[in-house]
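Hello,

Here is the model we spoke about, for you to open. My notes follow below it.

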Amino acid sequence: MEFRYHRPATVADACALGQRLGAGAAFLAGGTELVPDYQRGRETAGDLIALAGIPGLRGIESGGDTLRIGSLTTVADVARSPLVARWLPALAEAARALGSPAIRNRATVGGNFCRAVSCADLPPAALVAGARLRIATPGGARDVAAAEFFVGARRTVLGPGELLTDLLLPAPPAGRGTRFERFSLRRGMALAVASVAARLDVERGVIAGAAIALGAVAPTPMLVPEAAELLRGGRPSAALFERAAEVCAAASLPIGDVRGSAGHRRRVVRVLVRRALERAAARATTEGPVS
Ligand SMILES: Cc1cc2nc3c(=O)[nH]c(=O)nc-3n(C[C@H](O)[C@H](O)[C@H](O)COP(=O)(O)OP(=O)(O)OC[C@H]3O[C@@H](n4cnc5c(N)ncnc54)[C@H](O)[C@@H]3O)c2cc1C
């Protein structure tokens, strides 16, 4: 297969090229999804628009009440960032769980979101944190909630010529604990059978806010608002966490495949949710606010 390789120097040029070339073009970040997809015949775009030459797309910076993670930032950068560890420990945990050192050194944040596979490791943590995604379009920029970015298996809200530029995390309040848990058939280089991110905001011993997101058990990463509702107003306890875990298992929509049956995945979700909530609660009560 022949490719035409484009190397735009700016985000605006990349968007314009993407719009002009339409469905026959693909943005290339680290290539860890795209290259295997070509090998499997799943990707057929003849024009590759490389993002690597565009300045400003890679980096992690805190500015006031927002942590900005550029879309070309590698998963390895996220895994070792002290800023991410402070703002959203669940995201750092998810990054450390992804692939292997070699994959993490090439894989980017943007690629993990934009390929939109349901077992992608980074989205659940972003969902529970209420993160936003900044999208460059041929006509300017727009932000969408991370929870609204995924519209189906391998489908996002991105239109022709639209490019993810940043993941934006809001500052965590005092009393927040987050945690990412995942189960895979091996410890390294294995996709998640199921994954869970949990957030608890605890004020004076009471859960003032909560969110749970599941990965690999529905066509898209999904929040479970009924579990958050159940947790809100309660006091952290094994019994409450078990009820929330049951709600999440019932809300999940897993398929059975080579990595596990649907029933197995539901049982795994129940265990992971309970575990994630216990660990998020411990963090909520022991760690201070971001400074
Ligand atoms: C051996 C192996 C193991 C893996 N293990 C895991 C794992 O455990 N967990 C996991 O989550 N993933 C895993 N992956 C998948 C992959 O590494 C990640 O999803 C990675 O983050 C993708 O990033 P990338 O930069 O390589 O994306 P690319 O391959 O460059 O791009 C992926 C897709 O996103 C689009 N895209 C990329 N950046 C943008 C952007 N900024 N704006 C718009 N569109 C964009 C591309 O056009 C393409 O369609 C694994 C892959 C391999 C090969």
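**Packing of α11 and α12**

Helix α11 (residues 238-251) packs with helix α12 (residues 262-286) at an angle of about 145°, their axes being 8 Å apart. Helices (H or I, at least four residues) and strands (E, at least two) are DSSP runs, numbered from the N terminus. Axes are lines fitted to C-alpha atoms, for helices over the stretch in contact, and angles run from 0 to 180 degrees between N-to-C directions.

This is a predicted model: local features need pLDDT of at least 70, side-chain atom pairs count only at pLDDT 80 or more, and totals for chains, interfaces and linings use all residues. Residues are numbered from 1 along each chain as its sequence is written.

On the α11 side, the residues that meet α12 include Phe 241, Ala 245 and Cys 248; among those in α12 are Val 269, Val 273 and Leu 277. Contact here requires C-beta atoms, placed from the backbone, within 7 Å. The residues of this contact divide into 8 nonpolar, no polar and 6 charged (Ala, Val, Leu, Ile, Met, Phe, Trp, Tyr, Cys and Pro count as nonpolar, Asp, Glu, Lys and Arg as charged, and the others, Gly among them, as polar).

**Helix α1**

In α1 (residues 11-21), Ala 14, Cys 15 and Gly 18 are buried (20 or more other C-beta atoms within 10 Å of the residue's own, C-beta atoms being placed from the backbone). Cover for the buried residues of α1 includes β2 (25-28), β3 (47-50), β6 (132-137) and β10 (163-170). Gly 22 follows α1 and has a positive phi, near 60°.

Regards

How values were computed:
Buried ≥ 20, exposed ≤ 12 C-beta atoms within 10 Å, placed from the backbone. Contact = placed C-beta atoms within 7 Å.
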